[in-house]
Amino acid sequence: MTSRVGKITIRNPLLLASGILGESSGSMIRVYSSGAGGVVTKSIGMEPRDGYRNPTVYEFESGMLNAMGLPNPGIEHFSDVISRTKAAGVFTVGSIFGGDENEFSHLAGKMEAYGVDAVELNLSCPHVEGFGSELGSSPERVRSVVGAVRQAVRIPVWAKMTPNVADMGSIAAAAEEAGADAIVAINTVRAMAISARLRRPVLSNTYGGLSGEAVKYVGLRAVYEIGKKCSIPVIGVGGVRSGEDVAEYLVAGASAVQIGTAVAERGPGVFGQVADELSDFMEREGFSSLKEMIGIARR
Amino acid sequence: MQGGNLRIVEIAEVVKESPSIWTIRYRDPSPSKPGQFVMVWVPGVDEVPMSLSYTGDEKGITFRPIGETTRALSELSAGDRIGVRGIYGNSFTRTGGEVLVVGGGTGIASVIAAVEPFVSDGKVHAALGARSREELFFEDRVISAGAELHISTDDGSKGHKGFITDVVRRLLGSGWIAQVIACGPEKMLYNTALIAREFGVPGQYSVERYMKCGIGVCDACSLDGRLVCRDGPVFDGDFLLGSEDFGRFRLSPNGTRIPV
Ligand SMILES: Cc1cc2nc3c(=O)[nH]c(=O)nc-3n(C[C@H](O)[C@H](O)[C@H](O)COP(=O)(O)OP(=O)(O)OC[C@H]3O[C@@H](n4cnc5c(N)ncnc54)[C@H](O)[C@@H]3O)c2cc1C
Ligand SMILES: Cc1cc2nc3c(=O)[nH]c(=O)nc-3n(C[C@H](O)[C@H](O)[C@H](O)COP(=O)(O)O)c2cc1C
Ligand code: FES
């Protein structure tokens, strides 16, 4: 089941997506022990942030919306979390968000010093002004942020894309040109929930991001489309809940996947279950390695 | 996704349990067990976790106004609409023998719903503690359930003068108690768990942590790798006393590990 993402080898292709249980070492170690190939931390910024008031989540049958508002303890306070997680042998990717290339470079340098295996640039949070997708919808700004981080660190740099743009392919291509080692797609889809009975939006921030089963088909499209424009590995995210979902992403061109919302549905044990389901699928379909599956829908 | 989808409910009744404690009742037939909680949304204010103090079709939450949201809740009246999500979390379970139910302050709201069903399986002692008699509530529910009531107040205005843990020690010393369940301030829970361990009595403790999502995604409520919203809020004493965080650390809203 070992999976390769560029130069990196992971024990399986199932990573914990950023922002889900990625704030405490206890939770990340538990997710890894439950069978994940590795974890991506919550997105960490320059300063501590409490995030938005509740309601910050809204659940429905096939997914959820969230507008957490990037709560995080700030990079200075995150060293202990990384060292505890790494000490337990967990493959750990540090997710970071910033307002410009200087902040991103600083954060990436800190993460590298703390000992992470790769950094993931959150260029895509759909509900916080000035960060994330505002930056991630401009190919020029993506190029300058990725380029600056590439200069600042030696570990692999992953760029996480927003689906809330007309042309994801050219933004991913800009990240590749600037030196990204992999593209991660997708972050959540900008959305909102309304209560007609209360005559108001539900989330305190009004707008939020849609995730879960409801966005799987947006994620598959993104991975397929990015794969046509880029030659670096793509990591698929969005609505993965079963081994067959993983197979769909691999066949669409992903080298690995991340799982977020399904952790709420099925608990941290979801990783072990999905890994078993993926092995069963491969056996039934006669695949002997992940590599044989990757991108075959594009050929 | 877990069947905890948001419901907008109309408040059926607001009850003042004591000069400083309010109960809000609303109709919601969702099945629930003692110890479980809901996320209560006061539109335009905030959404906070609250234990169910009544678990039947007419649900109830019981609280002391201590901050913006609980104050806003206390100002609502019958007919007003609020949002609820859940029913979330695990519950207290009866393991047999005589049981000691311990509630400190608003923690009484969480354990009270266990007293009534537990009485049908054997003797129940309920030890309720508060700072003063004004902050005590649900003594009547303990008595009408047929459980034995024990009271303590910090200022001695009712019952034993001192901490509820003094009462816990005395009752456990009798040797009859086979199980402890408790909810209250963490210091009280910690000391109760230590005393129960000393007497070799198994315990289940309902722990509070700051919560955002309530559904096990945001990690705000993490306690040594367990999620209070999903794996808890009720944990057994062995896990808690063996953990690094119980009685010592919690996460602040931004996720920094700080003293309890
Ligand atoms: C599972 C669970 C069940 C709960 N059940 C009840 C209940 O039945 N009755 C009840 O009155 N309260 C209960 N609480 C605590 C309740 O959620 C908080 O008191 C409430 O969030 C305070 O909101 P506020 O806006 O009024 O106060 P804020 O202005 O937010 O805070 C006022 C004070 O309360 C403290 N506080 C805030 N949140 C919490 C928290 N989660 N735990 C402990 N202290 C907190 C703050 O540090 C501050 O000192 C429960 C908490 C949890 C996690
Ligand atoms: C509660 C929540 C918080 C999230 N926080 C972050 C974050 O901090 N950084 C980030 O890059 N993505 C964040 N995401 C997006 C996820 O990492 C993922 O891209 C998205 O949810 C789609 O995957 P899923 O359908 O498996 O959840 C968050 C998603 C959720 C549901
Ligand atoms: S409150 Fe979000 S994980 Fe428990």
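Hi everyone, let's start in chain B, where the C-alpha centres of domain 1 and domain 2 lie 20 Å apart. Domain 1 of chain B covers 7-88 and domain 2 covers 98-259, with bounds from an automatic or database domain assignment. Their contact (heavy atoms within 4.5 Å) takes 22 residues from domain 1 of chain B and 21 residues from domain 2 of chain B.

A quick word on the source: this is a predicted model, where local features need pLDDT of at least 70, side-chain atom pairs count only at pLDDT 80 or more, and totals for chains, interfaces and linings use all residues. Residues are numbered from 1 along each chain as its sequence is written, chains are lettered from A and ligands numbered from 1 in the order written, and side-chain values use heavy atoms, leaving out hydrogens and water.

Now to chain A. How do helix α7 (residues 216-229) and helix α8 (residues 243-252) of chain A cross? Their axes, which are lines fitted to C-alpha atoms over the stretch in contact, with angles from 0 to 180 degrees between N-to-C directions, come within 8 Å and cross at roughly 25°. Helices here are DSSP runs of H or I, at least four residues, numbered from the N terminus. α7(A) and α8(A) are therefore roughly parallel to each other, the word for angles under 35 degrees.

Who meets whom? From α7(A) come A:Lys216, A:Gly219, A:Leu220, A:Val223 and A:Tyr224, and they meet A:Asp245, A:Glu248, A:Tyr249 and A:Ala252 in α8(A).

Key. Helices (H or I, at least four residues) and strands (E, at least two) are DSSP runs, numbered from the N terminus. Angles under 35 degrees count as roughly parallel, over 145 as roughly antiparallel, 65 to 115 as roughly perpendicular and the rest as oblique.
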